[in-house]
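Please look over the structure below.

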Amino acid sequence: MTVEQKRLVTESLTTLKPVADLLGDIFYSRLFEMDPMLKYLFPSDMNHQGEKLIAAVNQAAACFDGMETLESTMQEFGLRHAGYGVKDYHYDTAEQALLWTVRVGMGAAFTVDVRHAWVSFYGEMAAAMKRGAAKRIET
Ligand code: HEM
C-alpha cells in the first residue's frame with residue numbers, strides 16, 4: 001500500500017465510524033446473499049459478529065505504521081479462521097461484500113482511488129490471513 005492509500009483507508013474509517021453498527025449488518029447480509037452456505041460457518045447468534053469485524057479492520061488500520069504487527073496479528077486471525085472452516089476462496093467473496101459495504105457507507109465519497117486503497121488494504125489483510133491459515137496445515 002502507498003502512503004496515500006493508507007491515508008485514504010484511515011480517512012474512510014473515520015467517515016464510516018458513525019454508521020459502523022449498521023455496516024456490520026450490511027456486510028453479513030451481502031456476504032450471505034452472495035454465498036448462502038457461509039451461514040453455516042457462523043453461530044446462529046450473529047449479534048456481535050459485525051462489531052468484531054469492524055474492530056478487526058480498525059485494528060489492522062491502526063497497524064499501518066508497523067506492518068510487522070499487522071502481519072502477525074492477521075496471521076493469528078487467519079489461523080483461527082482456518083479452524084472455523086474458512087477456505088482461501090472465501091476471502092474473495094468477503095472482499096466483494098466488504099467493498100460493497102464501504103461503498104454503501106461512503107456514498108459519493110467512495111471514489112476510484114478510495115476503492116483501490118481498500119482493494120490494496122484488504123488484499124494485504126487476506127494474504128497475511130491465508131499465510132497464517134497455511135501454517136495450520138504445515139504443523
Ligand atoms: C480480512 C478479513 C477478515 C477479518 C479481518 C475477520 C475478522 C474476524 C474476527 C475479528 C472474528 C472474531 C473471532 C476471532 O478473532 O477469531 C471473526 C470470526 C469469524 N469470521 Fe472472520 N474475518 C475476515 C474474513 C473472514 C472470511 C473470509 C470468512 C468466511 C467467509 C470469515 C468467517 C468468520 C467466522 C466463521 C468466524 C467465527 C464466528 C464465531 O464462531 O464466533 N471471516 N472474523
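## L23 in its helix

L23 lies in helix α2. Helices are DSSP runs of H or I with at least four residues, strands are runs of E with at least two, and both are numbered from the N terminus. This is a predicted model: local features need pLDDT of at least 70, side-chain atom pairs count only at pLDDT 80 or more, and totals for chains, interfaces and linings use all residues. Residue numbers start from 1 along each chain as its sequence is written.

L23 counts as buried because it has 20 C-beta neighbours inside 10 Å. The cut-offs are these: buried means 20 or more other C-beta atoms within 10 Å of the residue's own, exposed means 12 or fewer, and partly exposed is in between, with C-beta atoms placed from the backbone. Leaving out residues up to four places away in sequence, L23 touches L16, G50, I54, T101 and G105. Contact here means C-beta atoms, placed from the backbone, within 7 Å. L23 and A94 are 71 residues apart along the chain, and their C-alpha atoms are separated by 13 Å.

## Where α2 meets α3

Two packed helices are described by the angle between their axes and the distance between the axes. For α2 and α3, the angle is about 105° and the axes are 8 Å apart. That makes α2 roughly perpendicular to α3. Axes are lines fitted to C-alpha atoms, for helices over the stretch in contact, and angles run from 0 to 180 degrees between N-to-C directions. Under 35 degrees counts as roughly parallel, over 145 as roughly antiparallel, 65 to 115 as roughly perpendicular, and the rest as oblique.

From α2, the contact uses A20, D21, L23, G24, D25, F27 and Y28; from α3, it uses Q49, G50, E51, L53 and I54. By class, the contact residues are six nonpolar, three polar and three charged. Nonpolar covers Ala, Val, Leu, Ile, Met, Phe, Trp, Tyr, Cys and Pro; charged covers Asp, Glu, Lys and Arg; the others, Gly among them, are polar.

## The largest nonpolar core

The largest nonpolar core has 23 residues, and M74, L98, W118, F121, M125 and M129 touch the most other members. Such a core is a set of buried Ala, Val, Leu, Ile, Met, Phe, Trp, Tyr and Cys residues joined through C-beta atoms within 7 Å. Helices α1 (3-16), α2 (20-34), α3, α4, α5 and α6 each supply at least two residues. The largest share, eight residues, comes from α6.

Take M74. Beyond its neighbours within four places in sequence, M74 is in contact with A60, M125, A128, M129 and G132.

## Around the ligand

The ligand is surrounded by 19 residues, the closest being L41, A56, R80, Y84 and A94. A residue is near a molecule or strand if its C-beta atom, placed from the backbone, lies within 6 Å of it. Four helices, α3 (49-62), α4 (67-84), α5 (90-106) and α6 (112-138), each supply at least two shell residues. The shell has 15 nonpolar, two polar and two charged residues.

Y84 sits in helix α4. With 10 C-beta neighbours inside 10 Å, Y84 counts as exposed. Y84 and L41 are 43 residues apart in sequence, yet 6.5 Å apart in space, C-alpha to C-alpha.

## M106 and A109

M106 is in helix α5, while A109 is in the loop between α5 and α6. M106 is partly exposed, with 18 C-beta neighbours inside 10 Å. A109 is also partly exposed, with 13 other C-beta atoms within 10 Å.

Not counting residues up to four places away in sequence, M106 touches S12, T15, L16 and V114. On that basis, A109 touches T15 and V114.

Terms used
Two residues are in contact if their C-beta atoms, placed from the backbone, lie within 7 Å.
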